[in-house]
Amino acid sequence: MLMPLTFFILTFCILVLLVVMSYKIRSFKISREEYFREFGEEDPKKSNISTALNNVYALIVITSAALIFSLYIIVKDTIYAGHLMEWLNIVVRLLHITFGIAWIGASFYFVFLENALNRTENVREELAGNLWAVHGGGFYYLEKYKIAPSQIPKHLHWFKYEAYFTWLSGFCLLFIVYYFNASAMLIDKQVLDISPLAGILIGVGSFILAWFIYDLMCKSPLKKNIVLFSVTGLIIATAFAFGYSHIFSGRAAFIHFGAMLGSIMAANVFFVIIPSQKAMVKAAKDGKFLDPQLGKNALMRSLHNNYFTLPVLFVMVSNHFPSTFGNKYSWIILIIITIGTAGVKHWLNLREKGKLSIWILPSSIVILLAAAFLSAPKSNNAKCESTVSETEVYAIIQNRCISCHSDKPTDPAYTAPPNGIAYRNINDVIKLKDRILQRVVITHTMPQNNKTNMTEEERNIIKCWIEQSK
Ligand code: HEC
C-alpha cells in the first residue's frame with residue numbers, strides 16, 4: 001500500500017511540474033514569435049522550441065497514465081475500484097464524443113465544401129472554385145485552389161488532432177469498458193470459449209489486419225472501379241462482422257466492428273492524408289512540381305472516411321439497442337445498417353452536389369427498415385400450462401439476476417447495480433417487466449453473457465408470467 005501511495009504522490013508532483021513547464025515554454029514561444037514577427041524574420045530556433053513543447057505534452061500524457069495506474073493499484077480490491085472505472089469511463093467517453101463530433105463535423109463540412117463549390121462563375125484561373133456562406137451572424141467567402149497557392153501562408157490550419165484524439169480516446173474506452181473487464185464484457189462463453197488475453201489479441205490484431213487489407217485495396221487497380229471497390233469492401237466488412245459476432249459477446253462484436261472502421265479512418269488521416277498534405281506544402285514551398293495524384297489520393301481516403309461516419313456513429317450508440325446486437329443474426333443486421341446509413345450519406349453527398357437522385361434515399365430507408373423487420377421478436381410458441389406465481393418468478397430472479405442487480409452486487413465486475421437496476425422485491429421486477437421481457441425472453445441479452453446460466457425453461461416461466469399478467 002505504501003509503495004503505490006509514494007508512487008502516486010511522486011507522479012502527481014512530476015505532473016504538476018510538467019504542466020508548469022508546458023506553460024512556461026508556451027509563453028516563451030509566443031513572446032519569441034511576437035519578437036520575430038515584429039522584425040519580419042523567421043525564428044531560427046522555432047522548430048526546437050516546438051519539439052520541446054511536444055515532448056513535454058507527450059510526457060504529460062505518459063505521467064497521467066502512470067498516475068491513473070497507481071490510483072488503480074491503490075483502490076484495487078476496495079469498494080472504490082468500480083467507482084474509479086466508472087469515472088474513467090465518464091471522462092474518456094466525454095472526450096471521445098467531443099473529439100468525435102469535431103472530427104465528423106469537419107469531415108461533413110469539408111465534403112460539403114467540396115460538393116457545393118461554385119466551379120464555374122467568376123472563378124480565377126488558379127482556383128478550383130469558391131463558396132459564399134453565412135453562419136453565426138457573419139458572411140464567409142472561401143476559395144479552393146486547384147493545386148496550391150504560389151506561396152504557402154504562414155498560418156495554415158490543419159485538421160488532424162480531432163482524428164488522432166478521437167482514435168486514442170476510443171482505444172482507451174475499449175480498454176476501460178471491454179478489455180479490463182474482458183471476462184464479463186468481451187467474452188461470451190456461449191459464443192466462443194476463449195481466454196480474455198486471446199480475445200484482446202484477436203481484437204487488436206483484427207484492426208491491424210483490416211487496415212492492411214483496406215490499404216492494399218486502395219493501392220490496387222481496384223480503386224479505379226468504384227462499384228467493384230465498394231462491393232469488395234462490403235464483402236470484406238461482412239466477413240469481419242461475421243467473425244466478430246462468432247468470437248465476442250454481442251455488444252463487443254458491434255463495438256469491434258465500429259472500432260475497426262474507426263481505426264481505418266484514423267490510419268487514413270495518419271498514413272495518407274496528412275503525409276500527402278505535408279508533401280504538398282513542402283513541394284509548394286520549394287517551388288517544385290506538385291504531383292496532383294497526392295491530393296487525389298488524400299481526397300479519395302477522406303471521402304471513404306466520410307462514408308464510414310454514419311455506420312460508426314450507429315455502432316457508438318448500438319449498445320443501447322439489444323434487439324440489434326442481441327439478435328441471433330446480429331452480423332447481418334449490422335451490415336444492413338451499415339449499407340443503409342452509408343446510403344443515406346451518399347444521398348446527402350449527391351444532394352450537396354445539386355444532383356437529385358430519386359431512388360437512393362428511398363432504397364436506403366427500405367434497407368434500414370429491413371433491419372427493423374429482421375430484428376423484430378420471433379413469436380415464442382412455448383406453452384404456458386399452469387399459472388405462474390410471483391414467488392416462483394422472484395426465486396428465478398434471485399438465482400440468476402441479483403448477483404449483479406442488487407444494491408451490493410456480489411459479482412466482482414460490479415460495485416453498484418448496473419444501470420441502477422436492483423431487484424429488491426417482486427415489485428421492482430413488476431415495474432420493469434417490459435424491459436425484462438425484451439432482455440431475457442426476446443433477445444436473450446440478460447443475464448449478461450448468461451453468466452449465471454439461466455435455462456430456457458426459466459426464460460419461458462418469466463415469459464408466461466408476463467403474458468398472464470397482461
Ligand atoms: C453479470 C451481471 C448481470 C446479470 C447476472 C444480470 N444483468 Fe442485467 N444488466 C447488467 C448490465 C451490466 C446491464 C447494463 C448494460 C446493458 O444494458 O447491457 C444490465 C442491464 C439490464 C437491463 C436493462 C436496463 C435498461 O436500462 O434498459 C435489464 C432489464 C436487465 N439487466 C435485467 C436483468 C435480469 C432480469 C437478469 C436476470 C435474469 C439480469 N439482468 C442479470 C448485468 C447483469
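1. Isoleucine 147 touches Leu290, Pro292 and Gly295, leaving aside residues up to four places away in sequence; two residues are taken to be in contact if their C-beta atoms, placed from the backbone, lie within 7 Å. This is a predicted model, in which local features need pLDDT of at least 70 and side-chain atom pairs count only at pLDDT 80 or more, while totals for chains, interfaces and linings use all residues. Residues are numbered from 1 along each chain as its sequence is written.

2. Isoleucine 147 lies in the loop between β2 (138-145) and α4 (161-179), where helices (H or I, at least four residues) and strands (E, at least two) are DSSP runs numbered from the N terminus. Isoleucine 147 is partly exposed, because 15 other C-beta atoms lie within 10 Å, the class between buried (20 or more such atoms within 10 Å) and exposed (12 or fewer). Isoleucine 147 and methionine 280 are 133 residues apart in sequence, yet 8.5 Å apart in space, C-alpha to C-alpha.

3. Helix α9 (residues 292-318) and helix α11 (residues 330-352) pack at an angle of about 135 degrees, with their axes 8 Å apart; axes are lines fitted to C-alpha atoms, for helices over the stretch in contact, and angles run from 0 to 180 degrees between N-to-C directions. That angle makes α9 oblique to α11, since angles under 35 degrees count as roughly parallel, over 145 as roughly antiparallel, 65 to 115 as roughly perpendicular and the rest as oblique. The contact is made by Asn306, Tyr307, Thr309, Leu310, Pro311 and Phe314 of α9, together with Ile337, Thr338, Thr341, Ala342, Val344 and Lys345 of α11. These residues divide into seven nonpolar, four polar and one charged, with Ala, Val, Leu, Ile, Met, Phe, Trp, Tyr, Cys and Pro counted as nonpolar, Asp, Glu, Lys and Arg as charged, and the others, Gly among them, as polar.

4. α13 and helix α16 (residues 456-468) pack at an angle of about 135 degrees, with their axes 10 Å apart. Glu392, Val393, Ile396 and Arg400 of α13 meet Glu458, Ile461, Ile462 and Trp465 of α16, and by class this contact has five nonpolar, no polar and three charged residues.

5. The ligand is surrounded by 21 residues, the closest being Cys401, Cys404, Pro418, Met446 and Pro447; a residue is near a molecule if its C-beta atom, placed from the backbone, lies within 6 Å of it. The elements giving two or more residues to this shell are α13 (390-400) and α15 (433-442), and α15 provides the largest share, four residues.
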